[in-house]
Amino acid sequence: MLAPVVHVLPMTRIRRHRLLPITGKVLVRKGQTVSALEVIGEANQNPKHALLDIARGLGVSLDDVDQHIQRNSGDVISEGDILAGPVGWGKRVVRAPCSGKIILSGRGKMLLEKENPPQQVLAGLPGEVISLIPGRGAVVESVGALVQGVWGNGRIGVGLLRVQIKKVEDILSVEKLDIDLRGSVVFGGYCGDEQVLRAAADLPPKGLVLSSMSSTLLPMALELPFPIVVIEGFGLLPINSAAFNLLVTSDRREIAINAEESDVYTGQRPEAFISLPVNQMVHEPKDAAIFSPGQKVRVIRAPYQAQIGTLMSLKSGLDILPNGIKTKAAEVELESSIRVKLPLANLEVLE
């Protein structure tokens with residue numbers, strides 16, 4: 001059975017396709033070294049337009065209006081620029097109501113495309129551009145430590161990692177968010193109080209990495225200007241020991257967090273990445289695996305959610321669980337040395 005894979009790796013080589021949602025302009029070159037916040041490309045996804053009636057604005061007939069138009073299709077204009085005129089003793093003119101570009105002009109009308117901030121795609125991690133995707137983006141490659149989570153609020157940030165958690169079951173409180181954490185990426189535990197997020201917003205940090213979070217905080221988390229990555233999920237869940245150990249030992253290293261949304265079809269996950277020097281042959285992680293004995297697995301549902309174990313054996317055919325459900329199952333030995341029988345649907349391979 002094909003198994004989902006979550007990556008918690010102290011050293012790996014990763015490649016990320018950073019793509020615009022529509023055709024736009026690529027701003028980097030092959031071989032270029034980029035930071036996590038480097039703009040890879042930009043595009044105007046939702047252009048807005050304004051249609052001007054030049055004839056009415058000047059008070060002239062359609063037969064005479066075109067000779068008074070001063071700007072042509074394709075011209076870039078600024079707000080207040082004269083587009084047509086002056087006409088008559090009053091020197092009537094038509095001025096641009098906004099900055100932008102003239103799309104069409106003629107028969108007494110002018111269509112403007114308003115200037116608005118383009119949609120940008122950022123690198124998301126420090127690395128090297130190894131290939132370009134014309135009009136869409138680029139592929140960025142980097143080597144370092146990787147921790148993937150299950151939820152992110154869609155933002156990207158980079159800063160020094162500051163560890164504010166001592167045990168896997170710790171809770172992030174307002175008291176742990178002092179002014180010294182401003183401009184850093186904070187690794188906390190469970191967050192269940194909106195006052196904690198308000199205190200973080202007052203700092204603010206460059207990002208938050210949480211073991212878990214209350215689902216009631218989702219609306220607020222989505223509005224915050226810094227990235228938030230949740231490693232385990234929603235509810236009071238301890239962080240798995242592999243991610244805990246990797247992040248704790250990386251205290252005060254620079255870390256990039258890309259809190260993009262999870263996508264089961266592309267394998268995209270929110271993640272935290274620590275760039276490290278290459279001193280050995282480093283391989284790319286697997287995006288998928290086949291369940292087999294000896295694998296490290298993470299439990300993704302209660303009652304053992306977030307716990308890590310070793311897959312000891314696979315049950316042949318369909319097995320009947322204590323709740324009466326028939327499903328493919330496996331015997332897993334948890335880190336606590338307890339052996340449990342779990343559905344394969346409740347497991348993911350930990351790399």
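User: What should I keep in mind about the model and its numbering?

Analyst: The model is predicted, so local features need pLDDT of at least 70 and side-chain atom pairs count only at pLDDT 80 or more, while totals for chains, interfaces and linings use all residues. Residues are numbered from 1 along each chain as its sequence is written, and side-chain values use heavy atoms, with hydrogens and water left out.

User: Why is the pair of Trp 151 and Phe 234 called edge-to-face?

Analyst: Rings of Phe, Tyr and Trp (its six-membered ring) pair if their centres lie within 6.5 Å; planes under 30 degrees apart are stacked, over 60 edge-to-face, and the rest tilted. By this rule there is one aromatic pair. Its rings, those of Trp 151 and Phe 234, have centres 5.9 Å apart and planes at 70°, so the pair is edge-to-face.

User: What makes this pair a link between parts of the chain?

Analyst: Trp 151 sits in strand S15 (residues 151-152) and Phe 234 in strand S20 (residues 228-234), so the pair ties together parts that are 83 residues apart in sequence. Strands here are DSSP runs (E, at least two residues), numbered from the N terminus.

User: How do you know whether Trp 151 is buried or exposed?

Analyst: Buried means under 20% relative accessible area, exposed over 50%, and partly exposed in between (1.4 Å probe, protein chains only). Trp 151 has 14% relative accessibility, so this residue counts as buried. Phe 234, with 34%, is partly exposed.

User: Why is Glu 348 called buried?

Analyst: Its relative accessibility is 4%, so Glu 348 counts as buried. Glu 348 is found in strand S30 (residues 347-350).

User: What makes polar contacts with the side chain of Glu 348?

Analyst: A polar contact is a pair of N or O atoms within 3.5 Å; within protein, one must be able to donate a hydrogen and the other to accept it, and residues adjacent in sequence count only if both atoms are side-chain atoms. The side chain of Arg 269 makes one with that of Glu 348 at 2.8 Å, and the side chain of Arg 298 is joined to it by another of 2.5 Å.

User: How many disulfides does a search of the whole structure find?

Analyst: A disulfide is a pair of cysteine sulfur atoms within 2.5 Å, and the search finds zero. As for burial, Cys 98 counts as buried at 14% relative accessibility, and Cys 191 counts as buried at 0%.

Note on methods. Helices (H or I, at least four residues) and strands (E, at least two) are DSSP runs, numbered from the N terminus.
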